[in-house]
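The sequence and structure come first.

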Amino acid sequence: MKKTLSNYHTHNYYCDGKESPEVYVKKAIDLGFNALGFSSHAPVLFENEFSILPEKLGDYCAEIDVLKQKYSEQIELFLALEADYIPNKTHDFSYFRKKCKLDYIIGSIHMITNPENGLIWFIDGGKQERWDNGLKEVFGGDIKAGVTAFYHQTNQMIERQKPEILGHFDKIKMHNKNRFFSQEDSWYQNMIQESLQLIKEKDVVMEINTRGIYKGRFDELFPSVAVFQKAHEMGIPLMLNTDAHHPDELLGYYSEAAEIIKMAGIRELWHFSKNGWFSMQIN
Ligand SMILES: [Zn+2]
Ligand SMILES: [Zn+2]
């Protein structure tokens, strides 16, 4: 059977990743990839250290389009964005779809806003201290309020912005490290269940993201095995991405994750092609 190797979630020097897009293409071809997707962080409406500068968005899209043509015989390339959703503080995803001919958008929550004070809690990145301080400053240390806001924002993004792919669902657990809440808590499980129902209803593809593990930030995939197992049982399509920020991370914890997914009883993963979505047996 034909081997299928793909990664639809990568960052390069247009945002907070390292190296040019072309270096990723060459590396992916060397590794025998069938498909590679570029998903730099979409610009947001305020200054930050991780997203594409608004004035560079056109260059980014044009450069990926050139690479698509140049390497069309060797690999399928896709132009995408990983877009944040913060009510009133980010562009509608339709704005990016108008600006560039995107193949898909990964919708991801990296920042949570507290509707009561308008402050923003940055929940990603390598620093646990920043997460802890954000929880204190934005939600007064109320973990249940913070986590609830995370999942509500996720649900709102799915309903209002219609991303094709949901990025690292449950990332809020990363710096929690079982200190403030447990994934077994019934209020937490109810929230997961509610989101899963919406993901299913809106036909969003859920990625399984390996980055936390190979960066040594957390010892579980995003989402956790129990969560993607439940998603699978509900009929939600799953895909595997490494969220590479360097060409050397294109296969970060990829085969290990594929084994974990198989152990969980899942036989197929979803891939994207120029003809649309298709599922393939995990090899
Ligand atoms: Zn992300
Ligand atoms: Zn990412």
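## Terms and basis

Two strands are taken to pair if DSSP finds at least two bridges between them. Helices (H or I, at least four residues) and strands (E, at least two) are DSSP runs, numbered from the N terminus.

The model is predicted: local features need pLDDT of at least 70, side-chain atom pairs count only at pLDDT 80 or more, and totals for chains, interfaces and linings use all residues. Residues are numbered from 1 along each chain as its sequence is written, while chains are lettered from A and ligands numbered from 1 in the order in which they are written.

## The sheet

Seven strands, in the order β1-β2-β3-β4-β7-β8-β9, form an open sheet with parallel pairing. Its edge strands, β1 (6–7) and β9 (238–241), each pair on one side only.

Strands β2 (residues 35–41) and β3 (residues 76–84) run parallel and are joined by 7 bridges. Opposite Leu 36 stands Leu 77 in β3.

## Strand β8 and its neighbours

On one side, β8 pairs in the parallel sense with β7 (residues 165–166) over 2 bridges; Ile 165 has Val 205 in β8 as its bridge partner. Between β7 and β8 the chain passes through helix α6 (residues 186–201), a right-handed β-α-β crossover (with the strands pointing away from the viewer, the path from the first strand over the helix to the second runs clockwise).

β8 is also joined to β9 by 4 bridges, again in parallel, and Met 206 has Leu 238 in β9 as its bridge partner.

## Burial of β8

A residue counts as buried if 20 or more other C-beta atoms lie within 10 Å of its own, with C-beta atoms placed from the backbone. In β8 (residues 205–209), 5 of the 5 residues are buried, so the strand is largely enclosed by the rest of the structure. Val 205, Glu 207 and Asn 209 point one way, Met 206 and Ile 208 the other.

Conventions
A residue is buried if 20 or more other C-beta atoms lie within 10 Å of its own, exposed if 12 or fewer, and partly exposed in between; C-beta atoms are placed from the backbone.
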